[in-house]
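Morning, everyone. Please bring the structure up on your screens. I will start with the ligand and then move to the domains.

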Amino acid sequence: MAESKKYQPDQYGYYGEYGGRYAPEVLIPALEELEECFESAKKDPEFIKELKEAQKNYIGRPTPLCYLENLSDKLGGAKIYLKNEGLAHTGAHKINHCVGQILLAKRMGKKRIVAETGAGQHGLATSSVCARYGMDCHVYMGARDADRQRPNVFWMETLGAEVIPVHHGGKRLKDAVNAALKDWITNVRDSHYLLGSCLGPHPFPEINRYFQKVVGEEIKSQLVEQQRTLPDYVIACVGGGSNAIGAFNEFLEEESVQLIGVEAGGQGPEVGQHAARFQGGRVGVVEGYKSYWLQDEHGQVQDTVSISAGLDYAGIGPLHAFLHDQGRVKYTSATDKEVLEAVKTLAENEGILSALESAHGLVEAIRLAPTLSKDKTIVVNLSGRGEKDLFIFGRHLSSSSFREFIERYAEEFKESDN
Ligand SMILES: *Cc1c(COP(=O)(O)O)cnc(C)c1O
């Protein structure tokens, strides 16, 4: 589709008033180098060829678009389709921009990758592409997060990354961001900062949009092939915003397609109990860009609550802030409780395990479908698969026998160590 200027940033990286490049002076040359590299890569047939090859043979694209016949019949309204990014390599959509950025890093002659990770999913995808493309990988992680997400730390190390726990501040994601930025400033000549969503200083939001937009392009062509129509609704969960931008981008200028982003409603509507930036967030500049942020009364970034690690973030990508104010995308939220219910519903009716993040989108589809007629079509972007959430499901959904298993396993583990 020919791209009009409507939802593109200006030359300084602003979408309306949001976005921009609020970075320390020492990083400006690196951001400019990255922007130039990105602009030239998009026009280079060799680069596009290498990207397409990796999308097909490493990531496993195209991912399927699957009609959920059982669930749609049961709800008795619109047809629901699932775009299954959970079947992409490493189990989620994050691999799309990780592969893209690693190819840009290679093109710039960088040998070293710096990243931060909260729950570890971005660190895992980053570690994977670093192993494949022969880059030295350094992942910063808040010490508290590293403790909570031990399995992901284990896999990152197995993939050859150095995982550096950060012991300052609250020992969480924002402390890891600061530590990773400090590393990048120190090593900026040979390092690329591999940023994990459609956010950060310009040009990162555009770079990640470019590598994620394949998701929406596939949705369009697959739906046309399967039922000869465009969707009436496209729904996606929104943390930083990359899987949602990926799913929405192709349809931004198709006014008949309604777009819905679903934020983390957490434990409830009070500030401090959720991560829904459009419910109580205020405009601010943090982490290099201007957007909506959940802040306390002193303007400090608010701690957030969500059952899903990937949506547990106080800021939101600047294009989402713009799309929100323009009214082009509607934003709703789903609570932890609704999300657990939706995971079960999808599993039982369709045999598909959803990530907790993606299930926020499912909640909205399950609310919406019965209110629509049978000739309407909803596409939900399933950003990731559910296996990674085993321990959270295990605790919430079951069962004393799962607990007993964990305890027995821990005992056996201890014994085998001696
Ligand atoms: C990280 C993650 C998200 C949130 O990131 P976005 O940039 O908002 O897409 C959503 N789903 C899954 C499965 C994730 O791992």
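**The ligand site**

A polar side-chain atom of H93 sits 2.9 Å from an oxygen atom of the ligand. That is a polar contact, a pair of N or O atoms within 3.5 Å; within protein, one must be able to donate a hydrogen and the other to accept it, and residues adjacent in sequence count only if both atoms are side-chain atoms. S197 also places a polar side-chain atom 2.6 Å from a ligand oxygen. G240 uses a backbone N or O atom, 3.1 Å from an oxygen of the ligand. Alone, the ligand exposes 390 Å², and the protein buries 97% of that (Shrake-Rupley method, 1.4 Å probe).

A word on the source. This is a predicted model: local features need pLDDT of at least 70, side-chain atom pairs count only at pLDDT 80 or more, and totals for chains, interfaces and linings use all residues. Residues are numbered from 1 along each chain as its sequence is written, and side-chain values use heavy atoms, with hydrogens and water left out.

**The two domains**

How is the chain divided? Into domain 1 (25-57 + 94-208) and domain 2 (61-91 + 213-394), with bounds from an automatic or database domain assignment. The shell around the ligand draws at least three residues from each. Between the domains, about 1800 Å² is buried, 58% of it on carbon and sulfur atoms; buried area is the accessible area (1.4 Å probe) that two parts lose on being put together, summed over both. Across this interface the rule finds 1 salt bridge, meaning a side-chain nitrogen of Lys or Arg within 4 Å of a carboxyl oxygen of Asp or Glu.
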